[in-house]
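Here is a friendly tour of the charged side chains in this protein. Have the sequence and the 3D view at hand as you read.

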Amino acid sequence: IWASAGSDSFGWSLSVPVTRLAEAIELLGDVIQRPTIPDDAFETERTVALSNVAMLRDDMYRYPMRLASSVAFAGHPYGIPTMGTDESLRAISAEHAREWHKSKVLESAAVIGIVADVDPREAADLVARQFGAIQLEKAPRVGKARWPKSVKIAAESRDKAQTAIALAFPAPSRADESRFAASLIATVASGLGGRFFDELRDRQSLAYTVQASVSEKRLAGMFLSYIATSPEKEGVARAGLLAEFAKLRDEAVSADELTRAKEYVVGTHAISQESGAALLGEMLDAWMFGEGLHEILEYDARIRAVSADQMRDVAQKYFDPEIRVEVIVRGVGRTV
């Protein structure tokens with residue numbers, strides 16, 4: 001049984017042979033509705049969680065990316081890491097966890113999804129019999145996430161041979177139609193054949209690695225780029241990354257880039273739908289945060305409808321260097 005916690009939701013899932021669906025739903029219902037949360041087991045999990053937080057600080061990729069979110073969404077729940085912090089993890093007790101479960105699980109806007117080759121009514125009946133302890137409530141109201149109105153910079157040092165830079169801009173939220181254009185921008189920019197890689201790594205030799213991605217949260221979005229470089233190249237690497245964002249603002253992508261990006265996004269989406277777990281995640285996302293399950297069927301058409309001008313419009317709207325969030329984890333004290 002897998003547990004997950006994200007910016008907008010948390011949950012549990014499992015995968016079993018379809019012939020064992022009834023037993024699986026019964027087991028999942030017991031785990032979700034009637035956990036014991038013993039004190040000793042809670043302390044074991046706390047130790048593991050604290051260890052994960054400590055290891056994160058030494059990760060030159062995940063740590064600057066996580067810190068960028070904390071800076072960009074400071075004062076909002078999106079700015080709080082889902083894995084917790086050293087302080088927050090130490091402050092929680094087993095009793096807190098039991099109370100949290102009662103108020104956030106047993107009384108919640110719960111959604112239960114199943115992807116299987118079974119009769120839908122039969123599956124619904126199984127769920128209804130096993131999940132009767134959950135009282136349906138409205139989802140809690142959360143204020144809109146506000147992006148900083150000026151440049152925000154956070155810098156730290158590590159005993160490393162590389163310097164990592166995370167550069168973030170706002171992006172469309174999950175409910176914004178322009179999120180499809182933002183997704184294609186990330187595809188054009190990132191990857192082994194992407195603009196950022198070709199220019200900053202292959203041509204200018206500024207990066208060990210360079211990436212770009214976009215995240216769509218229910219109340220906000222973020223376009224996040226990352227570059228790992230030699231400490232002495234920090235300034236020119238940052239300038240190079242900003243120059244690539246400027247190109248996306250100033251010029252429409254080429255017809256060839258647009259076509260390749262669309263085919264890649266549509267192709268990877270089709271491949272992901274071969275996985276029951278991926279399809280389940282997409283279904284729940286569309287149901288909870290989108291317009292409905294019809295989004296899944298319309299996805300390819302929405303991607304293919306995006307134009308190069310729309311992508312440039314999105315870049316011009318969001319890639320303002322005067323409101324960027326920048327995180328630098330500087331490598332000091334080592335050489336390679």
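A salt bridge here is a side-chain nitrogen of Lys or Arg within 4 Å of a carboxyl oxygen of Asp or Glu. The model you are looking at is predicted, and the count by this rule comes to 28 salt bridges. As background, side chains of opposite charge can pair when their charged atoms come close.

**A linked network**
- Salt bridges join Arg174, Arg179, Glu216, Asp285 and Glu295 into a network.
- Within this group, Arg174 pairs with Glu295, at 2.6 Å from N to O.
- That pair ties together distant parts of the chain, 121 residues apart: Arg174 sits in the loop between strand S6 (163–171) and helix H7 (179–189), while Glu295 belongs to helix H12 (residues 294–304).
- You will find both Arg174 and Glu295 buried.

**A pair within one helix**
- Arg260 and Asp256 form a salt bridge at 2.2 Å, N to O.
- About one helical turn separates Arg260 from Asp256, because they are four residues apart in helix H10 (residues 255–272).
- Arg260 is partly exposed, at 45% relative accessible area, and Asp256 is partly exposed too, at 47%.

**Another buried pair**
- Arg324 and Glu326 make a salt bridge, with their closest N and O atoms 2.9 Å apart.
- Both of these residues, Glu326 and Arg324, are buried.

**A positive patch on the surface**
- Lys144, Arg146, Lys149 and Lys317 form a positive surface patch.
- Lys144 is found in the loop between strand S4 (135–136) and strand S5 (152–158).
- With a relative accessible area of 57%, Lys144 counts as exposed.

Note on methods
Residues are numbered from 1 along each chain as its sequence is written. This is a predicted model: local features need pLDDT of at least 70, side-chain atom pairs count only at pLDDT 80 or more; totals for chains, interfaces and linings use all residues. Side-chain values use heavy atoms; hydrogens and water are left out. Patches are made of residues with over 30% relative accessible area and no salt bridge: like charges are joined within 9 Å, nonpolar side chains (Val, Leu, Ile, Met, Phe, Trp, Tyr) within 5 Å. Accessible areas come from the Shrake-Rupley method with a 1.4 Å probe; for residues, only the protein chains shown count as cover. Lys and Arg count as positive and Asp and Glu as negative; His and the chain ends are not counted. The place of a charge is taken as NZ of Lys, CZ of Arg, CG of Asp or CD of Glu. Helices (H or I, at least four residues) and strands (E, at least two) are DSSP runs, numbered from the N terminus. Buried means under 20% relative accessible area, exposed over 50%, partly exposed in between (1.4 Å probe, protein chains only).
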